[in-house]
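Here's a quick briefing to read with the structure open beside you. Have a look at the fold before going through the points.

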Amino acid sequence: MGAPIGPPIGSPIGNMILQFDIFKPYSDRLVQGITTKDFGSLNGEEKGYESQLKKLKTFSGKIPVFGIQIHSDKILKIDKVPKERPKADALITNKKGLPIGIKVADCQGILLFDPKKNAVAAVHSGWKGSAQNIIGKTVKKMTKEFGSDPGDILAGISPSLGPCCLEFTDPKKELPESMHPYIRGKNLDFWSLSLHQLNEAGVKNIEIKAECTKCHPDRFFSYRNKETGRMAAFIGLK
Ligand SMILES: [Zn+2]
């Protein structure tokens, strides 16, 4: 039995954006949040995407840089707006006015902020990325690139499939051994796993929005509910 998961759920901005309370003391120099279903989809393939991006800009200051997510452990340092969307599942930057983001529907968005070195990261972690420990590798990359002490880094974990709904046919066969302690019956406890990976990387200050995307179709898009909509998790330095 693990400890109960996560602190209480943060208050939404007009129901469209969820913000992490852990980052709020730094709102003078940080933009951050996760869009909800009320915001509308940011899939990128539907009509009206441009106007959705403009709407996002009112919260993020500038339109965030989004990578093309490939369920990899590829992490990219961003110094300016790239000409083409880079293939990567995690982006990091220490540049001001350059928000970064990832898109999710059931997968986890993990946002990291180092207030001492003034650097941020946005990580896309599905169970495949999790198996490759993209979270731990992103923390290491922040240390390498920005000199971050993991003990200074604050982390926020987005709503995702919960232990109720992240179901496998035969999890012990499908998942690597490192993930086995987080198997609950046929399901995976993704929140506890990510919490563990962050802890193992030295990150101690963590907030989890422990709401299951599949169980809350009124608030979140869910791939497993056969929806094509996507939510964005973004973070950036002002
Ligand atoms: Zn659920």
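This is a predicted model: local features need pLDDT of at least 70, side-chain atom pairs count only at pLDDT 80 or more; totals for chains, interfaces and linings use all residues.

The chain has five helices and 14 strands. Its radius of gyration is 16 Å, close to the 18 Å that the globule rule gives for 238 residues, so the chain is as compact as a globular protein of that length.

**Overall build**

- Out of 238 residues in the chain, 47% count as buried.
- Take the contacts between residues at least 6 apart in sequence: 66% of them join residues at least 24 apart.

**The open sheet**

- Six strands make up an open sheet with mixed pairing, and the order to trace is β5-β6-β9-β8-β10-β13.
- At the edges sit β5 (75-77) and β13 (205-208), each of which pairs on one side only.
- From one strand to the next, the twist averages 15°.
- Strand β10 (residues 154-157) and β13 run parallel and are joined by four bridges. If you want a spot to check, leucine 154 stands opposite asparagine 205 in β13.

**Helices on the sheet**

- Helix α3 (residues 134-146) packs on the sheet, where it touches β5, β6 (90-93), β8 (108-114) and β9 (119-125). The direction of α3 makes about 160° with that of β9.
- Helix α5 (residues 190-200) lies across β8, β9, β10 and β13. Relative to β13, α5 runs at about 165°.

**Helix α1 up close**

- Helix α1 (residues 49-60) has twelve residues. From its first C-alpha to its last, α1 reaches 16 Å, close to the 16 Å expected at 1.5 Å a residue.
- The buried residues of α1 are Leu56, Phe59 and Ser60. These residues cover an arc of only 80° around the axis, which puts them on the same side of α1.
- Among the elements covering those buried residues are β2 (17-18), β3 (30-35) and β14 (231-237).
- Turn to the face of α1 pointing away from its buried side and you'll find the exposed residues Glu50, Ser51, Lys54 and Thr58.
- Just after α1 comes glycine 61, with a positive phi of about 85°.

Terms used. Residues are numbered from 1 along each chain as its sequence is written. Helices (H or I, at least four residues) and strands (E, at least two) are DSSP runs, numbered from the N terminus. The radius of gyration is taken over C-alpha atoms; the globule rule is 2.2 Å times the number of residues to the power 0.38. A residue is buried if 20 or more other C-beta atoms lie within 10 Å of its own, exposed if 12 or fewer, and partly exposed in between; C-beta atoms are placed from the backbone. Two residues are in contact if their C-beta atoms, placed from the backbone, lie within 7 Å. Two strands pair if DSSP finds at least two bridges between them. Axes are lines fitted to C-alpha atoms, for helices over the stretch in contact, and angles run from 0 to 180 degrees between N-to-C directions. The expected span of a helix is 1.5 Å times one less than its number of residues. The arc is that of the directions from the helix axis to the C-beta atoms.
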